Amino acid sequence: IVPFGLLLVFGLAGCNSNETVTNVGKLEFQQALKIPELLEPTIESDGTKHFSLTMEPGTTEFFPGEITDTWGINGSYLGPTIRVSRGDKVSFDVVNKLGETSTLHWHGMMLPPAMDGGPHQMIEAGETWSPHWTIDQPSATTWYHPHLHGKTAQHVYRGLAGMFIIDDEDSKKLPSNYGVDDIPLIVQDKLFTSDGQLSEDDDTPYGMLGDEILVNGTYDPFLKVTASQVRFRLLNGSNARAYNFGFTDGRSFQLVANDAGLLNEPVTLERFMLSPGERAEIVVAFEPEEETILRSYSSGAGITNGEFDLLKIVADSELTGSSPISKQLSSIEPIEVPADAKVRQFKLTMENEINDKLMDMYRIDEVVPAGTKEIWEIHNFGSEHNFHIHDAAFRVLDINDKEPPEYARGRKDTVFIPHGASVRIAVEFGNYTDLNYPLMYHCHLLKHEDEGMMDQFLLVEPGTESQVPTELRDDG
Ligand code: C2O
Ligand code: CU
Ligand code: CU
């Protein structure tokens, strides 16, 4: 017989969702942070940079002596970093050795819709997909991950994701020595079973919320820095969890880029939040022998709950200097829409639908004239979500009629939509047309996306919107 008092205590502990999940005090920062390798392209006769990516199962030693089954790209967990410059022609061979269908989507890329790698560009087991395009967008930290409808959460969670960096003249003025003063940080929460396997138990209203953190697939990580200014490229590669980043010594740092490119001017911050799929670039100054911990601070319930140590950073006794960060980072004008811009309304519902509909692969929900700018208004009547648009960049105009937080005012492609909020964004769409391959907009909480919180739009020749069919053929 269990005493009633004890039952009450356990009962409460088990269901108290306001309790902060934490790993603080648990880590020892014993493993050197892994830096995903930079993928070397082969150069084709017309100058195209050609990259080979193989999606494959493998095993990874996250915990010393313990072997975990994982998936990876050109390796056992995560994928290599791709780095190219604006104007480059790129091509890929994406080989699927997973033993099941997947896709590979270029999140944040402006490109012909057929190359986007969304749910329609399936790569069957054993097959190779070979997209190619010209990089035509400002410098940015983008990323790639599978997007098979209904399976995205599982495929990303098992380890399929990587960083895709685009450089331009402006971005090269910032610290750019990869792995030295330009460091990728892919942050993911995980749930492990008692025998060290990845648990796929994602039975929360948001999907997977883990209690352990991997950074670049490293558990318990530390990083030694050797430069007095280090640029970190943070990617929230988690299925559902949001992070509210800061340093334990309270230091400030400069935010230099949002998802889709550099800010016009750096912003000095102590905290900023990234929901799943979002990226930010920050520059942090170090003095010799300093130590600090990058931490995520709890900022609410649900996906913003949790306090996690992410990475211990130790500065070397001698640091190489670099010139101060310029006051003008980018001269690209903030996205402005014309006064008569089209306004579209999107309602996120209690049932995790968009405009009362679930995803249908054969339905076109919106038809957008290519290369134009529009205002999209997203009204959230449900729980916490976020919103991502393919082949587009946007600026957040307001959240509940108020200016967005300082850390979310630059070029973006994914935005956090708090519970009950109305968010207006000024969207600039890619200048590509395709009547056969729809693009996606969706919640980037991957379980929501898989369950259908996703719609499709076509980019079409301006003026032809009304002639476009709103259904795709079954073989489309
Ligand atoms: Cu990061 Cu539609 O995806
Ligand atoms: Cu995307
Ligand atoms: Cu959602």
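These legends accompany close-up views of a predicted model.

**View 1. Domain 2 meets domain 3 in a contact built from 26 residues of domain 2 and 19 residues of domain 3.** Here we look at the side that domain 2 contributes. Strands β18 (253-258), β19 (261-269) and β20 (272-274) each give two or more residues to this side. The biggest share comes from β19, with four residues. Sorted by class, the side of domain 2 that touches domain 3 holds 16 nonpolar residues, along with seven polar and three charged ones.

**View 2. Phe29 is a residue with a positive phi, about 55°, and is not a glycine.** You will find Phe29 in the loop that links α1 (4-15) to β1 (31-32). Phe29 counts as partly exposed because it has 17 C-beta neighbours inside 10 Å, and a residue needs 20 or more to be buried.

**View 3. Leu78, also not a glycine, has a positive phi near 60°.** Its place is the loop between β4 (66-73) and β5 (82-85). Is Leu78 buried or exposed? Leu78 is buried, since 27 other C-beta atoms lie within 10 Å. As background for this backbone angle, most residues other than glycine have a negative phi.

Notes
Residues numbered from 1 in each chain as written. Chains lettered and ligands numbered in written order. Predicted model: local features only at pLDDT ≥ 70, side-chain atom pairs only at ≥ 80, totals over all residues. Contact = placed C-beta atoms within 7 Å. Nonpolar A, V, L, I, M, F, W, Y, C, P; charged D, E, K, R; others polar. Buried ≥ 20, exposed ≤ 12 C-beta atoms within 10 Å, placed from the backbone.
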